[in-house]
Amino acid sequence: MKKIVFFAVLIIIFFLGLIHNSFAQQEAANWYFGDYAGIQFSSCTSTALTDSEMYAEEGTAVMSDSDGNLLFYTNGLSIWNHQHQVMENGKLPLHWKIQNEYDSTTTTQAALIVPDPGEEKQYYVFLTSPRSGNISDGRFCYVKVDMAANDGTGKVLSSPICLADSLTERLTAVHHANGKDIWVMTQSFETAEILAFLVNEEGINLPIKSPTGKNFTRTTTRENATGQMKVSPDGKKLAYTYWEPAMTYFYQNYIGVMDFDATTGKATNPSFAEIRLMQELYFGIEFSPQSSYLYVSSNRKVMQFSINPSDNTLTNRTELYDFGEVSPVASTRHSLQLAPNGYIYVANNFYLDAILYPDLAGKSATYVPYYQELGGGTTAKVGLPNFIQSYFLISPTPPHCDIRLEKFESCVPDTSIVSLVTPYPEQIDSVIWETSKPTYPPHIQEFSIRLFLTTDWTMNVSATVYFKDGKDTTLTTPLNVERLTLQLPADTAICRGDTLWLNTPNKGYYYLERNNYGTIEKVETEGGRWPITEFGHYKVYQTFGKCYISDVINVNVIEPPAPVDLGEDTVLCKNSFTWTLYATQPDNFQTYTYLWQDGSQEEMLVGIYETGTYWVRVENECGWQIDTIHITFEEPLLADLGEDVILCEGETLTLSVDDSPASWSWSTGSTDASITINKAGTYWVEMSNSCGWVRDSIMVIYDQWHPLTLPDSVMACTNETVSLDAGPHYRNYQWSSGERSPVITATQSGWYEVEVANACGVQTARTWVELIQPENTLIPNVITPNDDGQNDFFRLHQTLQGSRLTIYNRWGKKLYQDSAYQNTWKGEGLSSGVYFYTLDHP
């Protein structure tokens with residue numbers, strides 16, 4: 001019976017081969033893309049490849065032979081053969097690109113490989129260049145590859161030959177209706193026309209141009225040029241995506257859909273869906289194998305649309321998956337690509353997601369995230385390989401092939417589940433489950449096995465499926481049950497400026513978040529480690545398969561002591577107050593130790609009143625600071641120039657202040673410590689120090705030397721006032737009469753003595769005062785010198801004797817003089833007449 005079934009299967013496959021070059025041919029069996037990533041399709045299974053030598057940020061192209069053997073692959077810059085070596089001339093010259101800064105692998109659909117219908121083992125490699133924003137760039141070129149050369153390792157036959165420029169980054173292909181020739185399509189950036197180049201035995205023909213009815217609005221930027229374009233596998237529809245900024249944080253997204261005629265190469269009946277979304281960009285596009293549905297991806301979602309066959313409008317939008325909910329790279333773009341097994345694969349970082357039944361409507365299409373793990377730490381980046389779309393026109397898959405094992409790998413200790421998934425459960429008769437290692441008794445249902453594992457395991461789980469048509473198949477999947485042992489160091493503290501390095505886990509996806517008072521920040525790695533330099537609550541998240549674990553560490557950053565500033569050296573007043581020095585640190589919740597010169601350990605030093613040098617050292621585990629200050633205490637000032645002073649003319653006086661740490665100034669303008677005075681005046685000094693300022697003044701008076709004189713004698717009548725005057729030039733007077741004034745009145749006859757004094761010295765003088773009765777002072781005015789004994793002499797009262805007597809004639813001629821007259825002149829020798837006299841009584 002099994003032989004009969006096997007024969008029937010051969011007949012079916014052969015018949016499909018007559019309809020089209022489809023599933024039996026394996027030109028798309030090998031994929032190389034992304035960051036050295038690869039995958040290989042064989043029958044119903046896919047296997048990760050790690051032998052790639054290619055890096056590509058976005059689009060690539062791969063070609064295998066009809067048996068699935070790898071021929072060569074390219075990122076648009078180099079071509080590698082099946083030995084993963086750059087083939088002869090495979091390092092493509094870059095002159096066909098416009099601007100060097102865009103000579104990279106960031107082209108949406110960078111390359112496409114099609115066989116030469118006229119030359120066996122020769123291939124055209126079509127190339128698109130990235131747009132830099134110039135209207136004239138975006139070239140469409142090709143090179144020819146001969147795989148018969150160099151013992152099957154291939155050779156590039158020419159430099160790139162360019163067919164057109166000012167194009168977008170879109171590139172797709174489909175077989176001509178004759179099943180032999182191939183249509184290669186791109187799009188004009190200036191007019192948005194679809195350009196379809198027919199590749200046949202004659203070579204590459206001039207393009208068939210089809211207007212889309214909607215020009216691009218931003219012809220000097222790159223946005224309109226990115227986004228995928230695909231032809232449906234049956235060659236009847238064409239679709240593409242693009243986007244452009246609309247307003248801040250918003251983007252206008254477009255999906256263009258047209259009918260395509262695989263006979264004429266014309267695209268007609270255009271329809272556009274326009275959707276304005278916040279922070280969401282449409283990028284990937286793909287048809288289901290039977291061209292029933294259209295799939296679109298953005299940086300956040302994957303959606304399914306139905307296409308109205310009459311006008312190509314899109315309906316029945318179904319959101320299959322939202323990267324924004326779970327993806328750690330939700331901001332990236334996701335290419336879509338049909339695969340030989342009928343699945344649509346979605347680029348998603350370390351994995352390929354898969355749409356398992358893309359010809360089923362809505363959620364029945366079954367979106368499986370992380371379906372295919374990529375090996376060796378490789379990643380998908382943004383792009384997937386580009387193929388001739390008619391390679392994927394696949395008839396409904398036989399039931400025994402359209403089954404798969406789906407696994408849920410838990411973390412130890414927990415239950416892992418392996419399930420058999422098929423859209424045709426009614427075709428299955430029974431299932432036998434086996435594990436490669438002994439476990440706790442599993443819980444087995446018909447279509448699943450549940451394994452409770454307590455230790456790390458790597459095992460194979462197999463399901464042998466018996467179909468009702470008599471065929472059987474065995475599916476095996478590896479089950480990696482991990483005990484994730486993420487363990488961060490204990491909570492710790494680091495010094496400001498130091499770095500705490502946290503090692504990243506050695507598997508899976510992981511990231512580190514810092515919670516800083518409610519603000520969440522992601523910490524980027526450096527050299528495979530996380531550098532921690534700031535305070536915070538750090539949490540590491542790690543996922544591996546379906547396992548998830550996290551751990552936290554609290555890191556405190558200790559600030560080293562701030563520079564201490566006790567101030568500049570200073571001078572203070574020594575009074576009743578004491579002073580305090582502060583070494584206070586910022587209020588940053590840190591602990592510091594203090595040490596002062598006297599051994600005290602407080603934050604401040606109090607009670608300072610003595611002159612000296614003071615220092616403090618502040619330290620913690622992250623460093624130390626020290627500062628020193630010299631404080632001089634000054635006594636309050638006392639200014640005393642003494643009492644006012646009287647000096648004798650010619651004498652000097654020196655005024656001085658203490659030579660203390662103070663500043664001073666004199667009324668003379670001098671700033672010396674002393675001044676010399678030699679003239680009268682009021683003199684002052686002002687002194688200041690930290691205690692304030694004081695002032696004192698002194699009056700300096702100068703006396704002159706004046707000889708003291710009194711008359712030898714004074715004679716006066718008793719009825720006259722006799723004043724004795726010692727003069728005004730002295731400070732002190734002492735009369736023998738007891739009086740102390742410069743002038744006194746003599747009231748009786750006798751000796752009068754005075755003692756006077758000033759700064760120049762002491763003098764004494766005396767005088768005789770005789771007070772005469774008035775009658776004793778009569779003087780005769782007639783003499784008769786005739787010797788008769790009567791009036792013979794000029795006779796004075798005895799009180800007047802001894803006076804100076806001088807006689808004059810009427811003409812003023814001195815005739816007689818006696819300085820001490822004693823009544824002895826009688827006019828000798830003179831004639832009678834009138835004579836004049838003066839009498840000076842001492």
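The close-ups below come from a predicted model.

**View 1. A disulfide joins Cys495 to Cys622.** The S to S distance here is 1.9 Å. This pair links distant parts of the chain, 127 residues apart: Cys495 sits in strand β38 (residues 492-495), while Cys622 is in the loop between β49 (612-620) and β50 (623-634). Cys495 is buried at 16% relative accessible area, and Cys622 counts as buried too, at 17%. The structure holds four disulfides.

**View 2. Cys573 pairs up with Cys691 in a disulfide.** Look for an S to S distance of 1.8 Å. The torsion about the S-S bond is about 105 degrees, so this disulfide is right-handed. Cys573 belongs to strand β45 (residues 570-573) and Cys691 to the loop between β55 (681-689) and β56 (692-703), so parts 118 residues apart in sequence get tied together. Cys573 is buried, at 9% relative accessible area, whereas Cys691 is partly exposed, at 27%.

**View 3. Cys648 and Cys760 form a disulfide, 2.0 Å from S to S.** With a torsion of about 100 degrees, the disulfide is right-handed. Cys648 is buried at 13% relative accessibility, and Cys760 is buried at 17%.

**View 4. Four strands make an open sheet in the order β22-β23-β24-β25, paired antiparallel.** β22 (282-287) and β25 (314-322) stand at the edges with a single partner strand each, so one side of each has no neighbour in the sheet. Further in, five bridges join β23 (residues 293-298) to β24 (residues 301-307). Tyr293 has Ser306 of β24 as its bridge partner.

Definitions and conventions. Residues numbered from 1 in each chain as written. Predicted model: local features only at pLDDT ≥ 70, side-chain atom pairs only at ≥ 80, totals over all residues. Heavy atoms only, no water. Pairing = 2+ DSSP bridges. Helix = DSSP H or I, 4+ residues; strand = E, 2+ residues; numbered from the N terminus. Disulfide = S-S within 2.5 Å. Buried < 20%, exposed > 50% of the residue type's maximum accessible area, 1.4 Å probe, protein only.
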